[in-house]
Every structure is written in C-alpha cells, then in structure tokens.
Amino acid sequence: MTLLGLGLMGYVLADTLLAAGHPTTVWNRSTGKGADLIGRGARRAASAGEAIAASSLVIVCITDNNAGRELVQPLAAELRGRTLINLTSGSSSEAGDISGWAAQHEIAYVDGAVLAAPDGIGTDEAAILYSGDRDAFDQHNSVLRKLGTPTFLGNDPGLAAPRDVAVLGMMWNILNAFLHAAALLQSASVSATALAPVLEGGIATTTGWLAGYAEQIDAGAFPGDDATIATHLAAMTQLIDESNARGVSTDLPRQIKAVADRAVAEGLGRSSYAAMISQFRSPE
Ligand code: NAP
C-alpha cells in the first residue's frame, strides 16, 4: 500500500496501516515527515512516481484536489492498472473530473471522505465514505477496514463529497454557536470550561429532534406540536438583545433570526422548526 501525503491525516492513515501489518510505502512533498514510520518498517520513496510503482493500491491524502491533480496527473503512466483512492476532501465535481481522467488512463478510482479526526482513525467510530469503482473498493476492502468503518455509496464518484461537506457544515455551525455562547458567557464571568457541559446537554437534546424533523421534511408536513417557529422567534430576539447588552457580536444571532423572520412572513409561524427547510432550498 502506498500513501501520498504525510500531513496530520495522511500520517495517521499510514501509521494505522503499518501497525496493522500492511507493507507500506510513503511519500511526502517536503522531507522530514514520517521518520518514525520508516523506523518501524515503512519504505520511504524518493518520488511520488517511485511510491506509486511500489503498490497496487495508492491512497492520496493532501490539502486539496487542486494539489492532488497537479500531483497525480503527470503520473498517469505509473498509475495505469492500479487503484487510486483519494481521501483528500473535495467536491463532487472534482471527484467526477478526477474519475474521468482516471478512466482515460485505466486507473481504478475511488473517491473517499473521512468523517473523522486523525485520533479516531483505526477505530470503528471513524466513518469513511467511498464512491466510485466498486470492484476496486471490494478488492481493497480488507485494507480500508483497518482505517475505520467503510461505507460504499455507489458507482458515481461524486456521492461521497456532498455528505462530507454536509457533515462539516453542521459541525462548523455547532462550533460557531459554541464560540458565540462562550463569548456571551465569558462576559458574565462564566468560563468556557464551565459552559461546555451545559452545551453538550443542549446538543444531545437537539440530536434527539433530528430523526423526527427528518421525517417531517421527507413527508412535507410540519405540525408545530413541540414548539412553533413563532415561539422560537421570540427567544431569538432575546439572544440578540442579550448579545447587544453584553457587547458580544450579534452577527450569528441576527442571521438565525433572519431565517425565522422570512419563514414567519411566508405564513409558517405556527409550523415546526423543520418547516424552515423552505429557506434553505434553491429558489424554484
Ligand atoms: P495537513 O496536515 O495540512 O497536511 C497537508 C498535506 O498535503 C501535507 O502532507 C502537505 O505536504 C501536502 N501537500 C499540500 N500541497 C501539496 C502539493 N501541492 N503537492 C504535494 N503535497 C502537498 O492536512 P491534513 O489535516 O492532513 O488534511 C489532509 C486532507 O485530509 C485534507 O483534504 C483534509 O480536508 C482531509 N481531512 C482532514 C481531517 C483532519 O482532522 N485533519 C479530517 C478529515 C479529512 P507538505 O508536508 O510538504 O506541506
């Protein structure tokens, strides 16, 4: 197995496969990374081309797909007849482009999305999504299982990327809300450390709502039998007022309220929170 890229994620991927007993060849653009992997039996290739030539399975995990294309496209001849698994985060259109290029050069291509932090790699909790060449995925499944829990989504290489960014988008929204809450409570002399468990409880409560709201979205019916958008809207106003009073940024609270304002203006005030899906869809 060959790993191109020994950044925070690539290093752990290589480390995990090496620890699982797979012969591992590594390459990184700048020298110096991964010395301990070499000490434990990994082979360091002098060039990306040499690294590719060492294995039938090549995993690339670098900053982004622009860098990825610049790296692999000049090496089409070396990659011919091998499997390229791309664990670099990217978009579905990038996955389609790279897949098309790979097909022209008889390279089996699988696009992947790592829904885990480096410290989760190698555990069942590390969800890794794959889409693209099913035969190549099946052929290397036993290796991929060592990295986490693999899920194959289908032959369209663009299937993994949107799920990746959807999960990241949700995480960023939660983290921004955490940072806003920490700033708000800091102004009331409450430390972020004291706040964290309170917010974890709130996140757990919200998590419990998702399945029911998802059913409402799929059914297109939004009974406001838990709390209506109008009720939420009143509390959103309080969040803005409290933030203003404490000299904390109101950017995020105003953005949240603006969505609810538009929904109420469209007559959705008595509906459940999930009815605001209308504010996130593409205009028809
Ligand atoms: P990182 O620590 O910043 O490492 C970036 C890697 O990309 C380094 O090995 C770097 O090489 C290499 N690189 C950058 N530009 C290059 C180029 N033009 N040619 C060749 N190599 C190049 O990033 P990371 O955290 O490992 O992330 C790598 C990928 O994993 C990203 O797509 C990221 O979104 C994804 N991912 C990361 C995490 C995470 O928690 N870290 C989680 C899920 C997914 P040099 O050492 O020479 O700079």
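Me: Which backbone atom of Ile 62 lies 3.2 Å from an oxygen atom of the ligand, and how is such a pair read?

Reply: A polar contact is a pair of N or O atoms within 3.5 Å; within protein, one must be able to donate a hydrogen and the other to accept it, and residues adjacent in sequence count only if both atoms are side-chain atoms. Here a backbone N or O atom of Ile 62 lies 3.2 Å from a ligand oxygen. The protein covers 74% of the 900 Å² of accessible area that the ligand has on its own (Shrake-Rupley method, 1.4 Å probe; for residues, only the protein chains shown count as cover). This is a predicted model: local features need pLDDT of at least 70, side-chain atom pairs count only at pLDDT 80 or more, and totals for chains, interfaces and linings use all residues. Residues are numbered from 1 along each chain as its sequence is written, and side-chain values use heavy atoms, with hydrogens and water left out.

Me: Which other residues place a polar atom by a ligand oxygen?

Reply: A polar backbone atom of Met 9 is 2.8 Å from a ligand oxygen, and a polar side-chain atom of Arg 29 lies 2.9 Å from one.

Me: How is the protein chain divided into domains?

Reply: Domain bounds come from an automatic or database domain assignment. This one gives domain 1 (2-156) and domain 2 (187-279), with C-alpha centres 40 Å apart.
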